[in-house]
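Here are some notes to go with your first look at this one. Have the viewer open while you read, and take the points in order.

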Amino acid sequence: MKILAIDSCTNVATAALVEDECMIAQFSLNNKTTHSTKLLPQIEYMMKNAETEFADIDLFAVTVGPGSFTGERIGVATAKALAHATGKPIVGVSALMAMAYNIKYTNFLICPIMDARREQVYTATFKWKADELVTVKEDRAMALDELLEEFEEDVIFLGDGVPVFKEKIAEKLENKAHFALANLLHINGGGVAEAAKSEYKKGNACDYASLVPKYLRLSQAEREYNDRNRN
């Protein structure tokens with residue numbers, strides 16, 4: 001099965017072309033260019049160099065959140081358009097779960113964190129049991145201080161929240177806190193593909209029309225509107 005996996009929930013735009021257990025191609029681009037201008041051209045470039053047509057894809061996979069509201073919409077819209085054009089199924093996955101696939105062969109908890117501003121993070125907690133990545137805590141938005149109170153055992157942190165909060169995490173958890181290396185810190189298309197395989201086996205693929213982003217909290221504009229109209 002050939003999978004085209006896409007993510008644009010964070011500052012990183014990434015995609016991968018995977019066939020069964022073989023990684024055919026992958027790119028990650030982390031710069032200030034907006035996803036609307038860099039994502040699809042990079043996917044087209046990757047597919048061209050992999051000598052693969054979009055019609056050859058058996059399953060499209062995309063992260064549906066959490067993360068940047070705009071980024072989520074761009075990634076989902078791109079994947080939906082490709083699935084629509086080819087008539088192929090699509091599966092939406094958690095960006096946090098996809099990120100957790102960066103880390104394996106550990107007995108530690110795995111905790112991806114995304115900087116959600118205002119001392120909050122988007123986060124979830126996972127652990128490997130045999131060859132299965134198991135969700136310990138589902139996706140949520142919460143205060144970092146509240147999250148750190150939960151851990152009583154060793155935990156590996158990764159995600160764009162690490163550079164922002166690493167010092168605070170290390171101070172709170174001391175030797176229980178571990179951090180992914182730079183090459184494993186951010187989400188990548190291969191992780192999205194691995195998460196998609198798991199969801200596909202559970203029967204969670206769908207048609208393009210029913211896939212939507214999943215937001216864990218209101219957008220900034222919605223929060224500001226509510227604040228202005230609270231009284």
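1. A definition to begin with: the radius of gyration is taken here over C-alpha atoms, and the globule rule is 2.2 Å times the number of residues to the power 0.38. Keep in mind, too, that this is a predicted model. For 231 residues the rule puts a compact globule near 17 Å, and the protein chain has 18 Å, so the two agree. If you'd like a box to picture, the C-alpha atoms fill roughly 50 × 50 × 35 Å along the principal axes.

2. Next, the overall inventory. The protein chain has 7 helices and 10 strands. Of its 231 residues, 48% count as buried. The accessible surface comes to about 11,900 Å², and carbon and sulfur atoms account for 48% of that. As for contacts between residues at least 6 apart in sequence, 64% of them join residues at least 24 apart.

3. Now have a look at the open sheet. What is the order of its 5 strands? Reading across, you get β8-β7-β6-β9-β10, with mixed pairing. The edges are β8 (132-143) and β10 (177-179), each of which pairs on one side only. From one strand to the next, the twist averages 25°.

4. Strand β6 (residues 109-115) runs antiparallel to strand β7 (residues 120-129), and 4 bridges hold the pairing. To find one of the residue pairs, pick M114: its bridge partner in β7 is Y122.

5. While you're on β7, click on T125, which sits in that strand. Is T125 buried or exposed? Its relative accessibility is 2%, and the cut-off for buried is under 20%, so T125 counts as buried. Leaving out neighbours within four places in sequence, the residues T125 contacts include L109, I110 and C111, along with V134, T135, V136 and F151. K137 and R140 are also among its contacts.

6. A196 is another one to click on. This residue lies in helix α6 (residues 189-201). Its relative accessibility is 0%, so A196 counts as buried. Setting aside residues up to four places away in sequence, A196 touches A61, V91 and V93. The C-alpha atoms of A196 and I6 are 10 Å apart, although 190 residues separate the two along the chain.

7. For background, most residues other than glycine have a negative phi, and most peptide bonds are trans. Which residues does a cis peptide bond join here? They are G65 and P66, with omega at about 0°. You'll find P66 in the loop between β4 (59-63) and α2 (69-86).

8. Y105 is not a glycine, yet its phi is positive, at about 55°. Look for Y105 in the loop between α3 (95-100) and β6. Its relative accessible area is 77%, so Y105 is exposed.

9. R117 also has a positive phi, near 70°, and is a residue other than glycine. Where does R117 lie? Its place is the loop between β6 and β7, the two strands that pair in the antiparallel sense. With a relative accessible area of 59%, R117 is exposed.

Note on methods: Residues are numbered from 1 along each chain as its sequence is written. This is a predicted model: local features need pLDDT of at least 70, side-chain atom pairs count only at pLDDT 80 or more; totals for chains, interfaces and linings use all residues. Side-chain values use heavy atoms; hydrogens and water are left out. Two strands pair if DSSP finds at least two bridges between them. Axes are lines fitted to C-alpha atoms, for helices over the stretch in contact, and angles run from 0 to 180 degrees between N-to-C directions. Buried means under 20% relative accessible area, exposed over 50%, partly exposed in between (1.4 Å probe, protein chains only). Contact means heavy atoms within 4.5 Å. Accessible areas come from the Shrake-Rupley method with a 1.4 Å probe; for residues, only the protein chains shown count as cover.
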